[in-house]
Amino acid sequence: MGMYKMNKVKKIALIAHDNRKEALIEWAEKNKDILKNHILCGTGTTAKLINEKTGLAVQGFKSGPMGGDQQIGASIVNGEIDIMIFFWDPLTSQPHDPDVKALLRIGVLYDVAIAMSGSSADMLLNSPILDEEYDRNLVDYYARIRKDNF
């Protein structure tokens, strides 16, 4: 699989479960001067609320339970997302938990930068390499599987 270059302008997915939406909106408002320089997308209601409350342009997908997590995952596979900010609810079981787990798995598989809390999102957004090109290293899991089976 090899290298995949992130451009200077990053493609950032913004996702939040219901109990964490307000926290993500507050975080986006606090960081809108940085976020406005990047391409933003998100799952249904979250994208709409961030746009309404902060004025940031956020491309909306379906809501998470209606396939939005899978749309974000497909966008990761297609090289259309570099960073995922996912404020998930650690205390409430979600009807689409298998989709959430699959989204996190695909994010790691494709070496997307992932933040799941305010402090990790702050660290990621304030990284000195945020506005630089960056080579993600995609692991060739197929080669590893072939090697292990022969």
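Strand 2 and strand 5 pair in the parallel sense over five bridges. Here a pair of strands needs at least two DSSP bridges between them. Alanine 13 stands opposite methionine 84 in strand 5. On strand 3, strand 2 has another parallel partner, joined by four bridges. There, lysine 11 faces isoleucine 39.

A word on what you are looking at. This is a predicted model: local features need pLDDT of at least 70, side-chain atom pairs count only at pLDDT 80 or more, and totals for chains, interfaces and linings use all residues. Residues are numbered from 1 along each chain as its sequence is written, and side-chain values use heavy atoms, with hydrogens and water left out.

The protein has seven of each. The order from the N terminus is β-β-α-α-β-α-β-α-β-α-β-α-β-α.

Back to strand 2. How many of its residues are buried? Six of six. Buried means under 20% relative accessible area, exposed means over 50%, and partly exposed is in between, with a 1.4 Å probe and protein chains only. Lys11, Ala13 and Ile15 point one way, while Ile12, Leu14 and Ala16 point the other. Both sets are buried.

Now the core. A nonpolar core is a set of buried Ala, Val, Leu, Ile, Met, Phe, Trp, Tyr and Cys residues joined through side-chain atoms within 4.5 Å. The largest one has 21 residues. Those with the most contacts inside it are Ile12, Leu14, Leu24, Trp27, Leu35, Ile50 and Ile85. Strand 2 (11-16), helix 1 (21-30), helix 3 (44-54), strand 5 (83-87) and helix 6 (118-125) each supply at least two residues. Which element gives the most? Helix 1, with four residues.

Take leucine 35 as an example. Contact means heavy atoms within 4.5 Å. Beyond its neighbours within four places in sequence, leucine 35 touches Ile12, Trp27, Ala28, Leu40, Leu56 and Leu125.

Next, helix 3. Gly44, Thr46, Ala47, Ile50 and Thr54 are buried there. Their cover includes strand 2, helix 1, helix 2 (32-35), strand 3 (39-42) and strand 4 (58-60). Just after the helix, glycine 55 takes a positive phi of about 80 degrees.

Is aspartate 82 buried or exposed? Buried, at a relative accessible area of 1%. Setting aside neighbours within four places in sequence, aspartate 82 is in contact with Tyr4, Met6, Val9, Lys10, Lys11, Val112, Ala113 and Arg136.

On to salt bridges. The rule is a side-chain nitrogen of Lys or Arg within 4 Å of a carboxyl oxygen of Asp or Glu. By that rule there are eight. Lysine 5 pairs with glutamate 133, with the closest N and O atoms 3.8 Å apart. That pair links distant parts of the chain: lysine 5 is in strand 1 (residues 2-6), and glutamate 133 is in the loop between helix 6 and strand 7 (134-138), 128 residues apart. Lysine 5 also meets aspartate 135, at 3.0 Å from N to O. Here strand 1 is linked to strand 7, across 130 residues.

Glutamate 133 is partly exposed at 45%, and aspartate 135 is partly exposed at 35%.

One more bridge joins lysine 21 to aspartate 18, at 3.6 Å between the closest N and O atoms. Lysine 21 is buried, at 13%. Aspartate 18 is exposed, at 63%.

Last, the overall numbers. Of the 150 residues, 41% count as buried. Among contacts with a separation of 6 or more, 75% are between residues 24 or more positions apart. The C-alpha atoms fill a box of roughly 55 × 40 × 25 Å along the principal axes.
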